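Hi,

Here is the structure I promised to pass on to you. Have a look at it first, and then read my notes below.

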Amino acid sequence: MTNLFGLLGLGGRAYGAHSAGVATIGNNVSNVATEGYSRQRVDLNADIVLGGVRADGVYRTEDLLLGMQERDNASSLGFASSSTSALLGLDASLSAIPSSLPESISAFFDGLNALQGAPQDGNRQQDVVQRARSMAEGFSGAANAISSAAENAQLRASMLTGEINQLSATIAASNETLALYDNPTVADQRDLAASRLAELVGGSGRIDPDGQMRFVANGGAVLVDGDRTHPMNVTTNPSDPTSISVTVGSGPSPRDVTTELGAGQLGAEIEFITGTASDSMAQLDQLAFDFATSINAVHTSGQAADGTTGLPMFDIPLTPAGTAAAISVNQTLQDDPSLLATATLGEPAGDIGGVSSMLALRDGLTAAGGTRTATDEAINLLAGVGRLANDAQAAESLHMARGDMLASRRDALSGVSIEEEMLRLSEFQRAAEAASTYVSTIDQMLANLLATL
Amino acid sequence: MRITETRMLRLMSDRTMNTQSSIAKAAGQVSTGVGVERPSDDPVAWADGMRTKLSMDRRDTHESTVERARDNLNRTDSAFQELVDGLSRIRELAVLGGSDSYDQSGRTAAAIEIGTIFEGMLASANARSVDGEYLLAGSNSDAPPFDDTGAYLGNDVLRTIEVNDQTFKQTGVTGSVLTAASGIDIFGTIVSVQNALEANDPATTRSFLDDLAGSLDQLGYAQAETGVAANSLDQSLGALDELEVSLAESFSTSIGADPIEAATWLANLSNELEASRVVSERIVSLMSLG
């Protein structure tokens, strides 16, 4: 049978439990705008030995599956966002070239069309050479735009690595703390770091039965295992903006994960550098090479007004690689546009066979392995980048919508509602007041008893 | 579903930002009339628009080239008219000089006048285009097609230019229409008439009257040929005018923004933004009360 001292202890525990509830609510309210914060609840249980209620600690409201879904979506969203950003940047750079590539190629042919009417007109010859120069500048401008975009992506990838390693360290430190004692705030921080890490590098953070988080990047490389981290390292080649190498782990043989990631912001940067930028540059180089080669072939089989055989109109490398950046108009032609081979070999100066043959290349399938005209291939190249950017934007919107949905679910489960907290605060205050009154009553009873004795 | 005030505020904030972004886009469409500015806006529409724009530029060049060729034909026609005028006067002088009632001094004066007309006709036959090319020289267009004696130094190569997408037309007439290759050597006949008059030989002078009449017919045929070529170019210009209208429509369809649609969109977005602002204020107010 419980005595008065036992009843006094019961009241004290009840008061302490409800005070802990008030403190937890205070903590919730003060963190109402803290990113990643999960509302906390005091764990109240019936004390079956001593009777009454007792506070067994504080727990956070969480859903492990939801957390994994959030990290998974963060990974996809990170990939889509970075892809969108990089592709829109490239799209904008290519569009910002004063005269776009298709326009400058077409303008060159327009100049030839005008030259047909008066092949010996010095102004028109000068105009054709100028248009050829503009076109060469269009190619080099596009090549520079692609190179710059790839260099920026390399820079972003290097910067991401620093943050990735820092987040891995945060998760490892949190694991170390949580192995010692349960702490909802540290668990929140770990979840937040894991979500951000997933956004940066893809992969997922799994919480093992021992409460430790193991973070594995896409492809299987382990970044965090308990309190240990495996650092990530990015290597770029300044002379080749379309190259990048990413490794995980220190020591003599780190794991090369360049082709494994495929998710998160870093995966998007790698994909952009080794995929879009590299492919676009190769396509541009091939276009420039094919175009210049076909024009040169016609021009060198024609004849200038002075009777000399045409010179190559464009100076280009021997192979397609690097042609777009290097293409230029023959300096001799620039100095003396009258050397344009406007006539057919052996014909008088007023003949326009040479001009007509060059003009015929406008509608000739000289690009993309003989399947497209040069202007169509240039349009296809730019539209291709636009298409990828468009697709990335759509994917970003999709993952943002999914992220919103998951955030709403998380909010429903773990968010802090001030209204709700105020109600619970009122409950705890009343309960604490009741416990206080109860303790006072027992105390009074004890005092009366002692006075009677 | 349980939803906290913070979440509501966040949703409204995102909504407001999205609406503001859309407003900027709609305002751009209203002010520029362009709905697709970059490939990423709509790759297919952009590619269509770019192809159409290049076709418009190409059409403009064709028009300019055809107009220049048309101008050359006008100059050629004028040159032929001057030749007709000169030849008509020479024929009159030959008729007079071939008459027995004309005396030697009259024939000498006629010969001198024919010499002057001959020089004028040579200048007309060596007429140049605005670009400085000799109109009747064929592809030898950098040198006068007729020498001082009226001998033809040009060739028969006519220029073929592109007048529309992969449509080509021959332009101009060569000086061979004035030579024996076309029937009568007109300048040679004039020289012969002049020589007969100088020699005070009315019979020989009379013998060239038929050739002079034939020369006028030959020039008339050359003028007609020039007219046919000019008419053909006029038809090309007409086709290019029609093409301009259809390309402009196509361009507008591809990348243009419907102004009424864009303005309506802008108005709706403005209302949406105002509604977002009011709701956000209400949420903040509720949070303050809490």
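Helices (H or I, at least four residues) and strands (E, at least two) are DSSP runs, numbered from the N terminus.

Some housekeeping before the details. This is a predicted model, where local features need pLDDT of at least 70, side-chain atom pairs count only at pLDDT 80 or more, and totals for chains, interfaces and linings use all residues. Residues are numbered from 1 along each chain as its sequence is written, while chains are lettered from A and ligands numbered from 1 in the order in which they are written.

Strand 4 (residues 213-216) and strand 5 (residues 222-225) of chain A share three bridges, and here A:Phe215 is partnered by A:Val224. Two bridges then link strand 5 to strand 6 (residues 228-229) of chain A, with A:Asp225 partnered by A:Arg228.

Which residues in the turns have a positive phi? In the hairpin of strands 4 and 5 of chain A, with five residues between the strands, A:Gly219 has a positive phi of about 100 degrees. In the hairpin of strands 5 and 6 of chain A, with two residues between the strands, A:Gly226 has a positive phi of about 65 degrees.

**A second sheet, and a helix across it**

Chain A also has an open sheet of three strands, in the order 7-8-9 and antiparallel. Strand 7 (232-237) and strand 9 (255-256) of chain A are its edges. Strand 8 (residues 240-248) of chain A is joined to strand 9 by two bridges, and A:Val248 sits opposite A:Arg255. Helix 4 (residues 122-180) of chain A lies across strands 7 and 8, at about 160 degrees to strand 7. For that angle, axes are lines fitted to C-alpha atoms (for helices over the stretch in contact), and angles run from 0 to 180 degrees between N-to-C directions.

**The cores**

A nonpolar core is a set of buried Ala, Val, Leu, Ile, Met, Phe, Trp, Tyr and Cys residues joined through C-beta atoms within 7 Å. Buried means that 20 or more other C-beta atoms lie within 10 Å of a residue's own, exposed means 12 or fewer, and partly exposed is in between, with C-beta atoms placed from the backbone. The largest core has 105 residues, and A:Phe139 and A:Ile171 are among those that touch the most other members. Helix 4 of chain A gives the largest share of this core, 19 residues. Leaving out residues up to four places away in sequence, A:Ile171 touches several residues, including A:Leu197, A:Phe215 and A:Val224. A second, separate core of 41 residues includes B:Leu83 and B:Leu212.

**Where the chains meet**

Residues are in contact if their C-beta atoms, placed from the backbone, lie within 7 Å. How many residues does each chain bring to the contact? Chain A brings 44 and chain B brings 40. On the chain A side, helix 10 gives the largest share, 12 residues.

**Domains**

The bounds come from an automatic or database domain assignment. Chain A is split into domain 1 (4-61 + 417-452) and domain 2 (68-401), and their C-alpha centres are 63 Å apart. Eight residues of domain 1 of chain A are in contact with five of domain 2 of chain A. Chain B has domain 1 (51-250) and domain 2 (258-290), with 75 Å between their C-alpha centres.

**Two residues to look up in chain B**

Most residues other than glycine have a negative phi. B:Gln166, however, has a positive phi near 55 degrees, and B:Gln166 lies in the loop between strand 1 (159-164) and strand 2 (167-171) of chain B. B:Gln166 counts as exposed because it has 8 C-beta neighbours inside 10 Å. B:Asn200 also has a positive phi near 55 degrees, and B:Asn200 is partly exposed, with 17 other C-beta atoms within 10 Å.

Cheers

Methods
Two strands pair if DSSP finds at least two bridges between them. Two residues are in contact if their C-beta atoms, placed from the backbone, lie within 7 Å.
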